[in-house]
Amino acid sequence: MENFATMHQMTTDLFQRVLNIFECSYDLTTDSRKVGKGSIFVGLKGENFDGNKFAQQAIDQGAALVIIDNKDYCINEKTLLVENSLVFLQKFANYYRKTLSIPFLAISGTNGKTTTKELVKAVLSKKFKVLATEGNLNNHIGVPLTLLKLRPETELAVIEMGASGLNDIKELCDIAEPTCGVLTNVGTAHIEGFGSVEGVLQAKTELYRYLNAVNGKVFVNNDDERLAKQQVGNKTTYAIHSDADMRARTIDNGEVYAEIEFEGETIKSNLVGSYNAYNILAALSIGRFFGVALKDMCEAIENYIPQNNRSEIKKTEKNTLILDCYNANPSSCHLAIQAFGKIAATDKRIYMGAMKELGKVSEQEHEFIAQTIKNMKLSQAIFVGEEYRTFAQGENIYWFANSLQAKDFLMQNTVENACILIKGSRATQMEILQDVL
């Protein structure tokens, strides 16, 4: 083992030396609890933690190399001191990515990123050995860690990219260097960081601009007017209502699940809400480009079961629950409400959590969602969060400051034989309501 204990500049030579160590175990982690023999541990710093402090623990657990950016935690020849551990992680991930000559598909957009990613993975896995982003590890830390999970036998990578401000997607593209990509749509999410819907569009289409520059393949949702107007060279378009290279027809039959007709085949999914037709069609368009047989694609879509409170349906002993509790923004809430309105059920209820990071448009967006729900004349509506306090008024309409209060109310007022949409962001923790339903 050579001596890494002194400060090192991030050069190609250094990355190659680290790569030689990495290829012995293919195990790199930023979580000291997951360090094993032969691992590489990268100590990251955040507002509430300092990974440098776990350098000794990582070495004691058998780490082959520990990367830190605080000289006070240098221990021995297994310690690599760099100027910034996060920058090292990102640059090393990019260096490793360059050793792999496989297709890299980037997925971004306001709504449906994770669902589309999972559907794409399911479809492409019918033909290729695919690695996709786990969960929602789609940021400046998650993307590098995903790249470092790629193995020599991987044939195709599917990388989800999130953004909360301008240049976020560009930075992730510079790390992952995608060869193709798709934007699901553009709407009002994290608008506080973007400033406006135009800002969201500018940020999300950084993916288009990157792919244009490298002549990458772009899959364009032609039903999204903002995306359809973008200048894209090498593209395949898909749509339900507009002219496009790939088209599908939604089947609205009062059922809970999204169902479409594509190239003469009827595809019945396990995804709640007709708006998921676009996520399905995106996956089919990508699968078609990569040569996956139609029969295999249909099978993959129909066998995919959503999890993690994303368009997930649960039938309890008392009720039918539609759980969409991972993300909430004006466009996703409106789509969920619209789809719920088409479901045939006698006793329908909506329990809605507040939307976050909306900045100056927060009040008007919450008022719009509240009014839309009121107009549906449901058996009951519950709103959670300070943002809804002013607007949660009317017959069978209830407001609570947080989901714990709402849960207590539902414990004392039993609901049975109802179809209930539970929608909210992670911040509002609306998923805890299912415990009493």
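## Helices on the sheet

Helix α15 (residues 403–412) lies across β17, β18 (380–384) and β19. Helix α15 runs at about 150 degrees to β18. Helices (H or I, at least four residues) and strands (E, at least two) are DSSP runs, numbered from the N terminus. Contact means heavy atoms within 4.5 Å. Axes are lines fitted to C-alpha atoms, for helices over the stretch in contact; angles between N-to-C directions run from 0 to 180 degrees.

This is a predicted model: local features need pLDDT of at least 70, side-chain atom pairs count only at pLDDT 80 or more, and totals for chains, interfaces and linings use all residues. Residues are numbered from 1 along each chain as its sequence is written, and side-chain values use heavy atoms, with hydrogens and water left out.

## The sheet

The open sheet has 6 strands, in the order β15-β16-β20-β17-β18-β19. Its pairing is mixed; two strands pair if DSSP finds at least two bridges between them. β15 (312–315) and β19 (397–400) stand at the edges with a single partner strand each, so one side of each has no neighbour in the sheet. Neighbouring strands are turned by 15 degrees against each other on average, direction ignored.

β17 (residues 348–353) and β20 (residues 419–423) pair in the parallel sense over 5 bridges. Ile350 has Leu421 in β20 as its bridge partner. Helix α13 (residues 330–341) packs on the sheet and touches β16 (320–324), β17 and β20. The direction of α13 makes about 175 degrees with that of β20.
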